[in-house]
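The text moves through the structure region by region.

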Amino acid sequence: MSKVLIIDDDPTFCVMLKSFLIKKDFDAYEVHNAKQSIKAIQQQDFDIILTDFRLPDINGLDLLKSIKNIVPHTPVILMTSYANIRTAVNAIKMGAYEYVTKPINPDEVLATINNALNSVEEKRSLAKTGTRNTGAPGSFQFISGRSAVFEKIHEHIELVAPTNMSILIHGESGTGKEYVSRLIHQKSKRNDRPFVAIDCGALSDELAASELFGHVKGSFTGATNEKKGQFEVAAGGTLFLDEIGNLSYEIQVKLLRATQERKIRKVGGNTDIEVDVRLIAATNEDLTKAVSRGEFREDLYHRINEFQLKIPPLRKRGADIKEFAYHFLKISNQELDTDIQEIDEEVIDKFLNYSWPGNIRELKNVLKRAVLLEKNPSLGAANLPDEIRYPMEVDSPQSVEDDQGIALRTVTEKKEKEMILRTLEQVKYNKSKAARILNIDRKTLYNKIKQFNIEV
Ligand SMILES: Nc1ncnc2c1ncn2[C@@H]1O[C@H](COP(=O)(O)OP(=O)(O)OP(=O)(O)O)[C@@H](O)[C@H]1O
């Protein structure tokens, strides 16, 4: 029975989610603030942690950092309002497994928990057997799309995959950097050997050396057994280092040695181990800037940058968005046992007009949630998040010019008023509900209603 910890300051919500999970055969526990959660995590082993993003005593990202320091391998699922989607995307970079948006749909949470547990299982079998295929059969399906921008990238992938060149993949979070590197591995001569992915953003300095290079027994407190590092686990295959810019200078030195001399040394060890691994690194920052700031070693940068791929953000992939939407529709139908075959053109139009800060990952989540809530045979706009359903009208350059005298504040206030009005209409002027959706407290909402002379 898997053990789940729910962290949320709303006790009613906790009780509801807890009883739902207990019915689904989980061993579920609840705590209501960060302090209690840290204590619980230190005292007991949980298989999965679900945490609210806004807690009374700490912000979600700081809590995530603390959790990852204590239990780096336990998947953390973030529960967040859509208004915080950009921060949720950052949380994924920092090692959260996934986010689900509030109001929470229990079936969506359940599907996400099961996916997380399966992925932990996959990693465990990798640690045991030293092999990892590129996902369970059929689970890795790479969609290329037909946009001109991605066709060029695809050509480059075909060219570079069979070589042994190190690759640096650049792109915003969720654009599919790991997916691209899996594809490269599949198309390489190393495809019968393991593909190992490491999220450097989720590793503390202390953990990084042992995770990458392994450690010998007794080399530090807690090193009760000898451990293989991922360089050894990936022997003969491909090692994907996500968020490479996060590695400390000390680890960068060791990594340089591993790539130049093809030798590593375990933490606390005194012998060298030969390694044969192809390196693919990913970053969503401009590493040359980190080099000029002296934070990233220039020699390592050149070493990993033998070939560079720039993955475009989803908003720049035009017609690919529709292809991805239908792909995720199919996957969601399989996962949720639904049978929705079509997506309304209105929905596709809205997708094309949205900025997708979380990129492909966000589209996948939006699709899954909408499929879950859809009652009709075709997916309509009703179950899309407000940000996508009611896009903010951006003033055209002409009107901005016309409005030169208007202070920026006035423009923002206009948008704020529009959003409040729309939300109030949507919830039939129930102010508590509106405040919850807008992610502000009721007092702030009352003040805004007064400030903007909104009639309620
Ligand atoms: N080409 C693709 N075909 C199908 N699904 C994709 C593709 N690219 C990305 N995805 C989906 O989007 C999710 C996020 O992709 P991925 O983890 O590769 O992004 P990333 O850029 O490495 O993100 P991060 O920087 O946050 O680690 C994947 O789990 C997958 O479901």
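D52 lies in strand β3 (residues 48-52), where helices (H or I, at least four residues) and strands (E, at least two) are DSSP runs numbered from the N terminus. The structure is a predicted model, in which local features need pLDDT of at least 70 and side-chain atom pairs count only at pLDDT 80 or more, while totals for chains, interfaces and linings use all residues. Residues are numbered from 1 along each chain as its sequence is written.

With 25 other C-beta atoms within 10 Å, D52 is buried; a residue is called buried if 20 or more other C-beta atoms lie within 10 Å of its own, exposed if 12 or fewer, and partly exposed in between, with C-beta atoms placed from the backbone. Not counting residues up to four places away in sequence, D52 touches I7, D8, D9 and M79, contact being defined by C-beta atoms, placed from the backbone, that lie within 7 Å. An unreviewed UniProt entry lists D52 under "modified residue: 4-aspartylphosphate"; UniProt positions are given in the numbering used here, feature names are shortened, and annotations may be inferred rather than shown by experiment.

Leaving aside neighbours within four places in sequence, A28 is in contact with V4, I6, K18, L21 and I22. The C-alpha atoms of A28 and A382, which are 354 residues apart along the chain, are separated by 32 Å.

The domain assignment of the chain gives domain 1 (3-127), domain 2 (130-310), domain 3 (317-383) and domain 4 (397-451), with bounds that come from an automatic or database domain assignment. Taken over C-alpha atoms, the centres of domain 1 and domain 3 are separated by 25 Å. The contact between these two domains takes 9 residues from domain 1 and 10 residues from domain 3. On the side of domain 1 that touches domain 3, the elements that give two or more residues are α4 and α5 (106-129), and α4 gives the most, with 4 residues. The residues of that side divide into 4 nonpolar, 2 polar and 3 charged, where Ala, Val, Leu, Ile, Met, Phe, Trp, Tyr, Cys and Pro count as nonpolar, Asp, Glu, Lys and Arg as charged, and the others, Gly among them, as polar.

For "domain: Sigma-54 factor interaction", UniProt, in an unreviewed entry, lists residues 143-372. Over residues 143-372 the chain is 43% helix and 15% strand, and the end C-alpha atoms are 23 Å apart.

Within domain 2 (130-310), strand β7 (residues 195-199) is largely enclosed by the rest of the structure, because 5 of its 5 residues are buried. In a regular strand the side chains alternate between the two faces of the sheet. In β7, F195, A197 and D199 point one way and V196 and I198 the other way, and all are buried. Strand β7 runs parallel to strand β10 (residues 238-242), to which 5 bridges join it, and two strands are taken to pair if DSSP finds at least two bridges between them. In this pairing D199 stands opposite D242 in β10.

In the loop between α7 and β7 is R193, which counts as buried because it has 20 C-beta neighbours inside 10 Å. Leaving aside neighbours within four places in sequence, R193 is in contact with G236 and G237.

The buried residues of α7 are K177, V180, S181, R182, I184 and H185, and they pack against α6 (148-160), β6 (167-170), β7, β10, β13 (278-283) and β14 (307-310). In helix α8 (residues 205-213), the residues A208, A209, S210, E211, L212 and F213 are buried. Among the elements against which the buried residues of α8 pack are β7, α9 (230-233) and α10 (249-260). G214, whose phi is positive, near 85 degrees, follows α8.

Which residues are closest to the ligand? Of the 19 residues that surround the ligand, the closest are I143, S173, G176, K177 and E178, a residue being near a molecule or strand if its C-beta atom, placed from the backbone, lies within 6 Å of it. The elements that give two or more residues to this shell are α4 (85-93), α7 (177-186) and α15 (359-373). The residues of the shell divide into 6 nonpolar, 7 polar and 6 charged. Because domain 2 (130-310) and domain 3 (317-383) both give residues to the shell, the ligand lies between them.
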